[in-house]
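I have just opened a structure that is new to me, and I am keeping notes as I look around.

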Amino acid sequence: KIDRAAPLGAAAPRVGALLVERHVQALPREQHGEQWPREAGADDVDAARRGGGGMVTPRGAGAQRAGFSAEIAGAGKTATALFFRPTSAAKSCFKITTSSSQTCISDLQINGPYASTQTYGISMTGPPYSFLSKVRSVFIDGFDIGIRLPSGGNLWIENTEIFECATSGIRQTGSTISGIYTRDVLIYDYARSYSVGVTNTSTAITAGAATFYQGMIGMRIAISGAGAAGVDLVTTITAVSSATAATIGAAASTTATKTAVITPSVTTTSAGVYMEAGTMDAFALQTVGYAMGMQLNPANGYTLKDSFYVQCIFDSVHGDGTWVLTPAAGSSTARQNFTNCWFSTANGSSGIGGSGQQAGVYVNSGGSGLVAQLRFSGCQFNNNNKEGAYFNGVTGVHLDGCTFDGNSGLTTATYAACRFGTNIVGASVSTSSFSHTMFHNGTTDIYSVQADAGVTSTLNISGNTFLHFNTAATPVLNSTALAGTKINIAGNVY
């Protein structure tokens, strides 16, 4: 019996490693709630060999100078129940190297230096991996990128938090198809409020408790009522002299204690999850903050396909949108499927100035990259500054049973809840509701659904409920340029 082969594994390590670690049923066992080989309690070999080659420990000063705190090289390795904080010289806390397979990193707290560039909590390097590695029950914070995947990497991430990683929580780059599989993962990089004292006509600010750290230099700070004529003062942190003292880029005009909102990521390109090629299967993934909650950004010749998102939350961003697809010419993105997902608060909330498109879902290929078959079922698009969903350059986009509430929050009666732009072929909105009930009460969308002149053929808008749209217009804009194409607008209630 493989799972009871402790004596055999101890006596013949080469045979034991092969029997225990190369388990072709790892994924089926995981799906049925069973344990992977070499996880705690999975077999007696864990107890027999836990102090040996299967355990990864810090490599020491030499490894840190080489650019990582611990290296995982070879198949079937496990790192568990450890606390890591790399030195400032370490680029990666964990480096999973060439030919590593079925590596498991679990039950870890990985704290970074809050450095601004090129630091990684977990970094996979080398050629494509034929076996799946796993990150489970790990807390990662304070890196430039929490988890970095190379071209062709495959990774399962479960029950993990990634906190204040400035560029991305999870970032995949390269043209070879990669696989990211997540379950119960939270990625957040959000504005936080502090009570700080400001000095009249001075750039010095103080806090009553430990608040500041060196990684805050360059971050945006918004201090309520500290600007001219009592407006908010929005500037950046230019220096940190202690945990309670910092310098800002503009002088405040009050001596009172005020609330300051400090934004961890102020760039327009940061994303909770960033992918260039591959597939994403996500259950209960949540991204909060960043310029974009998730960005798919395939380059020329890259392919993104066959992804499924179930009960995912993309929330509170200050850039283009909570879920963004911006393909380059020559790329291909197909079959992105969303079920019961949430796309909300693309509006630069909590004192952060918003920028970019500020839509819940923003898809813009401009006809340059192939985008085909996007489907949203039972999803919610709420409280966004501009559109709840915007599509441009898509063949086949379908929304059914969705809710749009409180969009066009930036300026009432200016933006549509759902908009189809140019180069749209085959689109439908059915059995969905449009309102301003819970968010931005008193404001309205200019249209519930807007179809621009660039919608070339086959548009079906039927069976929907329209509430609180701009009363001076119909709930659906059907451009006169659409006359003669295959358009069906019927069976809606308003």
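These entries follow what I looked up, one topic at a time.

**Ground rules.** I am working with a predicted model, in which local features need pLDDT of at least 70, side-chain atom pairs count only at pLDDT 80 or more, and totals for chains, interfaces and linings use all residues. I number residues from 1 along each chain as its sequence is written, and my side-chain values use heavy atoms, with hydrogens and water left out.

**Aromatic pairs.** I began with the rings. A pair of aromatic rings is described by the distance of the centres and the angle of the planes. I paired rings of Phe, Tyr and Trp (its six-membered ring) if their centres lie within 6.5 Å, calling planes under 30 degrees apart stacked, over 60 edge-to-face and the rest tilted. By this rule I get 20 aromatic pairs. One of them is Y309 with F338, stacked at 4.5 Å centre to centre and with 5 degrees between the planes. Y309 belongs to strand β21 (residues 303–310) and F338 to strand β24 (residues 332–339), so this pair ties together parts that are 29 residues apart in sequence. My strands are DSSP runs (E, at least two residues), numbered from the N terminus.

Both Y309 and F338 are buried; for me that means under 20% relative accessible area, with exposed over 50% and partly exposed in between (1.4 Å probe, protein chains only).

I then turned to Y362 and Y390, whose ring centres are 5.4 Å apart with the planes at 15 degrees, so they are stacked. Y362 sits in strand β26 (residues 359–364) and Y390 in strand β29 (residues 389–392), so parts 28 residues apart in sequence are tied together here. Y362 and Y390 are buried.

**Charges over rings.** Which ring lies under R148? I found R148 over the face of Y120, 4.1 Å from the ring centre. R171 likewise lies over the face of Y274, at 3.8 Å from the ring centre. My test asks for NZ of Lys or CZ of Arg within 6 Å of the ring centre and within 35 degrees of the ring normal.

**Cysteines.** How many disulfides does the whole structure hold? My search, which wanted a pair of cysteine sulfur atoms within 2.5 Å, found 0 disulfides. I also checked burial: C104 is buried at 7% relative accessibility, and C165 is buried at 0%.

**Backbone angles.** Most residues other than glycine have a negative phi, and most peptide bonds are trans. I noted that N159 has a positive phi, near 50 degrees. N159 lies in strand β9 (residues 154–163) and is partly exposed at 46% relative accessibility. Q373 also has a positive phi, near 65 degrees. I place Q373 in strand β27 (residues 370–377), partly exposed with a relative accessible area of 39%.

**A loop.** T176 is in the loop between β10 (168–172) and β11 (178–189). T176 is partly exposed, at 35%. From T176 to G152 I get 4.8 Å, C-alpha to C-alpha, although they are 24 residues apart in sequence.

**Strand β30.** Is strand β30 (residues 394–400) largely enclosed or largely open? I count 5 of its 7 residues as buried, so the rest of the structure largely encloses it. Strands pair if DSSP finds at least two bridges between them. β30 pairs with β27 in the parallel sense over 5 bridges, and R375 has H398 in β30 as its bridge partner. β30 also runs parallel to strand β33 (residues 424–430), joined by 6 bridges. There, V397 has A427 in β33 as its bridge partner.

Methods. Helix = DSSP H or I, 4+ residues; strand = E, 2+ residues; numbered from the N terminus.
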